[in-house]
Amino acid sequence: MGKTYFTIFGVVAIIAAFSSCFHSGSKEYLSLKNRLDSLESNAYTPGFGEFMNTIEIHHAKLWFAGTDKNWPLAQYELDEMKETFDDLQKYVKGRPEVKEIPMIDPALKDLGQAIESKDVNRFKPAYITLTTTCNSCHLATEHGFNVITIPSAPPVTDQQFKRAK
Ligand code: HEC
């Protein structure tokens with residue numbers, strides 16, 4: 001019994017000692033806070049255009065996956081593209097264009113349904129609508145000189161777009 005009390009007393013004493021070190025006015029607290037603030041302000045986050053370059057690659061791969069009826073790859077590329085739009089919204093601060101991103105949602109949703117139906121005749125028009133919407137946003141955000149088209153060649157030569165048997 002006595003031992004238990006002693007242990008509890010010891011633990012309380014240790015917690016008390018530590019919390020006095022880290023109360024919000026202490027030197028240790030302020031030094032940790034400064035280090036955290038500096039880590040935060042120096043943290044690298046990709047810019048708007050870098051996220052767009054990633055989106056462009058997924059957009060191009062998606063065309064070859066879909067027209068080759070490689071539906072698992074098409075689904076994957078679509079998911080990656082959606083994830084990149086989400087990350088763009090999350091990480092790019094201070095760019096008013098971010099609020100235009102939801103305009104792409106209906107086109108992404110339609111394309112998802114076309115992929116689910118495994119119908120290339122639904123996939124192609126849905127892909128064209130997506131591409132038109134990319135360009136609508138570029139026009140709306142004064143980047144109309146960035147014109148996105150249906151790709152005429154795969155963006156890379158080291159990946160197979162046809163479905164493996
Ligand atoms: C929120 C509206 C918006 C949507 C939707 C959008 N873009 Fe963009 N895009 C921009 C803006 C703004 C820029 C310029 C970014 C910068 O560099 O500051 C840009 C730039 C680009 C660039 C140029 C990057 C470079 O460095 O060459 C490409 C490529 C691009 N977008 C592809 C796409 C594709 C593909 C889609 C559709 C799947 C798309 N974008 C949808 C707003 C949008």
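**Note on the ligand site**

1. The ligand takes up the space of the largest pocket. The model is predicted. The points below stay with this site.

2. The iron atom of the ligand has two protein donors, SD of Met52 and NE2 of His138. They lie 2.1 to 2.3 Å from the iron.

3. What is the arrangement of the 6 donor atoms around the iron atom? It is octahedral, because the angles they subtend run from 83 to 179°. For six donors, that label requires opposite donors over 155 degrees apart and all others between 65 and 115.

4. Met52 belongs to helix α3 and His138 to helix α6, so the pair ties together parts that are 86 residues apart in sequence.

5. Two polar pairs deserve a look. A polar side-chain atom of Arg95 is 3.0 Å from a ligand oxygen atom. For His138, a polar side-chain atom is 2.8 Å from a ligand nitrogen atom. His138 is also an iron donor through NE2, so read that pair with the cut-off in mind: a polar contact is any pair of N or O atoms within 3.5 Å.

6. The shell around the ligand has 21 residues. Coming nearest are Met52, Arg95, Cys134, Cys137 and His138. By type, the shell divides into 10 nonpolar, 7 polar and 4 charged residues.

7. Which helices each supply at least two shell residues? They are α3 (48-67), α4 (71-91) and α6 (120-140). The largest share, 7 residues, comes from α3.

Conventions: Residues are numbered from 1 along each chain as its sequence is written. This is a predicted model: local features need pLDDT of at least 70, side-chain atom pairs count only at pLDDT 80 or more; totals for chains, interfaces and linings use all residues. Side-chain values use heavy atoms; hydrogens and water are left out. A residue is near a molecule or strand if one of its heavy atoms lies within 4 Å of it. A polar contact is a pair of N or O atoms within 3.5 Å; within protein, one must be able to donate a hydrogen and the other to accept it, and residues adjacent in sequence count only if both atoms are side-chain atoms. On a 1 Å grid over the protein atoms alone, a cavity is a set of points where a 1.4 Å probe fits but cannot get out, and a pocket is an open set with protein on both sides within 12 Å along at least five of seven lines; lining residues have an atom within 4 Å of a point. A molecule sits in a cavity or pocket if more than half of its atoms lie within 2 Å of its grid points. Helices (H or I, at least four residues) and strands (E, at least two) are DSSP runs, numbered from the N terminus. Ala, Val, Leu, Ile, Met, Phe, Trp, Tyr, Cys and Pro count as nonpolar, Asp, Glu, Lys and Arg as charged, and the others, Gly among them, as polar. Donors are N, O and S atoms within 2.8 Å of the metal (3.2 Å for Na, K and Ca); water is not among the atoms, so sites may look incomplete. Four donors count as tetrahedral if all angles lie between 85 and 135 degrees; four count as square planar and six as octahedral if opposite donors are over 155 degrees apart and all others between 65 and 115; anything else is irregular.
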